2 protein chains.
Amino acid sequence: MNDSRPIFPELQNDRLLRAARGEFVDRVPVWMMRQAGRYLPEYRKAREGHSFFETCRNPELVSEITIQPVRRFPIDAAIIFSDILVVPLAMGMQVDMIAGKGPVLPEPLSTPADLDRLVMPDVKDELGYVFRAIEKTRRDLNGRVPLIGFSGAPWTLMCYMVEGAGSKSFSKPRAWLYAEPQATDRLLEQLTDVIIEYLKGQIRAGAQYIQVFESWGGILGPEAFDRFEAPHLKRIATELKYAYPEIPLAVFPRGAHHALESLADSDYDVLSLDWTILPEEARTKAGLYVTLQGNLDPAVLYGPRDVIRENVRRMVQAFGTRRYIANLGHGMMSDHDPDKAQVFVEAVREFTSELQLSSSH
Amino acid sequence: MNDSRPIFPELQNDRLLRAARGEFVDRVPVWMMRQAGRYLPEYRKAREGHSFFETCRNPELVSEITIQPVRRFPIDAAIIFSDILVVPLAMGMQVDMIAGKGPVLPEPLSTPADLDRLVMPDVKDELGYVFRAIEKTRRDLNGRVPLIGFSGAPWTLMCYMVEGAGSKSFSKPRAWLYAEPQATDRLLEQLTDVIIEYLKGQIRAGAQYIQVFESWGGILGPEAFDRFEAPHLKRIATELKYAYPEIPLAVFPRGAHHALESLADSDYDVLSLDWTILPEEARTKAGLYVTLQGNLDPAVLYGPRDVIRENVRRMVQAFGTRRYIANLGHGMMSDHDPDKAQVFVEAVREFTSELQLSSSH
């Protein structure tokens, strides 16, 4: 594998990277999970006539969609447009994106014997389209803001691969934990191997910050999380940090508040928080030596301007301005009004600048 | 309203009530959320030819289904067979139970103006069928174990009434919090009024223990929970405790771990825990003067006998034997094997008896 990395335009805005490393920033960086998406009319236009995964495979479209929110909002990062299910796809599973329903995997892993159907992909072949899209997008960004790469975490990918679709309870993968612990270990380890290679490839292609999405961490009990998933989640960070020490690593353990203490004591630089934990409690659990990212309830953006501003003000006051990256506590929703995202971003800039000023006096 | 209460056979097993009040018990009581349900072949047989709500309206069927798990397992309580959505039904909303999909409310509350469609029911008329079923079941139980009554909590009922169905995100009711706070207050208050009357009616009919299910508490952020829901949830307990001080009150704030401290300091006697919190952490948050109920991951029952026993052993050792009621951390699932429920119940009895013995030495 050719490990030479492309040369890109110089980065003009490094607030995100500095905040992740705990360095001084002139104001708190802000971005939004799922900031590139269906709530933007320009996204819907760009997607016209292209299926979801066709879009993911087209570097021009990915670059356009990834950069759309950067044009519209004064945000401090772009996040590559893709989906966590490209990994199961690369491992030989069929994944269909059904409009209005979400992902469906028509042939899920029903028994441990089904693990033999999975292939260990050469990520450069099977996921090269993501790497090409990252390289193209990074060039097109022209150093304006850093580009975030991402992957689903092993357990979260296993949830879809075993359940076969999104679910409120994910009872099938949860059953594997107790009925098929060896197969669970094997699957999670195999996923971890692929995820590490996949994220290394993203970094080589130009990703400047990595986020691992543990979207279904919250349905694991604390003991199951520690026993089955935490070692893999931590190994991802350790191996990436060893290979690329300069790249900040974030993890979003949605709902798994019990894991914050242990994840703070790992090679992740940033803990991305969902909206169901108070900033003060997260800081107490995480300690002082990790950056926190989050965590406004996206539903606040359904409210009027003054409600959004008041909620943002309380949030940034609680988090403070050091080791903090402002974000939502989950993704933008498809029926959100883009103008409300603007109110959110501007309120973060306004209130964190005020805080910076008052703390420097 | 005639407030004279029926006279029932003397209670033979009061472990549940004693544990809820913090009194000494010879062994830890145990029951299971959704212990009467589809995973039992005798339930499926009893339901044959009867729609869901038709079953709820038939006191003979309700009594039979409620008592089925008491016949099968050495459990310490029965819980009346019904559904939380009987309350929206009584308030004039249509609720359809769709097999394999769950509840659908085809005309949800889309705007605040829709609140005018809701009626303030005379619970004795509209929910009298539940009271008659409770009275019949209590008689048929013949004092064997106490009978638990229940209701959904206001926010959890609002979730279904505004969303119109179950959901992973419940974005519509969450939008109301910020876009329609006055209408949210009005709806939650109206629901609270109905719930209080409904639960009082259940107690008068013979319910000996009340559980309030806040199944969707975990999608509210801590501030939203405290601002919108906590006052109503606490008022339910306060008014019931004032009217019927002898009836233990439990609340199941699923996922809302941030609320445990505040709910421990209310008129609820019992906090029912989901499986995503460690017993030690729950006890630290809740303090010593409230009974904890829970919290085995129901998915453990998909595992083999020794895995179930090992998980139960760890759970009861962590909770201890005082102020503790053993249960699952969520309901039985329809594809569970009844024999595994038996293993769970017997393991609780065995291990908590051992603990009792060792602590009395």
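Modeller: The place of A:Asn295 is in strand β8 (residues 291-296) of chain A, where strands (E, at least two residues) are DSSP runs, numbered from the N terminus. This is a predicted model, in which local features need pLDDT of at least 70, side-chain atom pairs count only at pLDDT 80 or more, and totals for chains, interfaces and linings use all residues. Residues are numbered from 1 along each chain as its sequence is written, while chains are lettered from A and ligands numbered from 1 in the order in which they are written.

Biologist: What is the omega of the cis peptide bond that joins A:Gly294 and A:Asn295?

Modeller: Omega is about -15° for that bond between A:Gly294 and A:Asn295. In chain B, the bond from B:Gly294 to B:Asn295 is also cis, with omega near -10°, and B:Asn295 lies in strand β8 (residues 291-296) of that chain. Most peptide bonds are trans.

Biologist: Why is A:Arg323 counted as buried?

Modeller: A residue is buried if 20 or more other C-beta atoms, placed from the backbone, lie within 10 Å of its own, exposed if 12 or fewer, and partly exposed in between. A:Arg323 has 23 C-beta neighbours inside 10 Å and therefore counts as buried. A:Arg323, in the loop between α14 (305-319) and β9 (324-328) of chain A, has a positive phi near 50° without being a glycine.

Biologist: What makes B:Phe170 buried?

Modeller: B:Phe170 has 21 other C-beta atoms within 10 Å and is therefore buried. Its phi is positive, about 45°, although B:Phe170 is not a glycine.

Methods. Helices (H or I, at least four residues) and strands (E, at least two) are DSSP runs, numbered from the N terminus.
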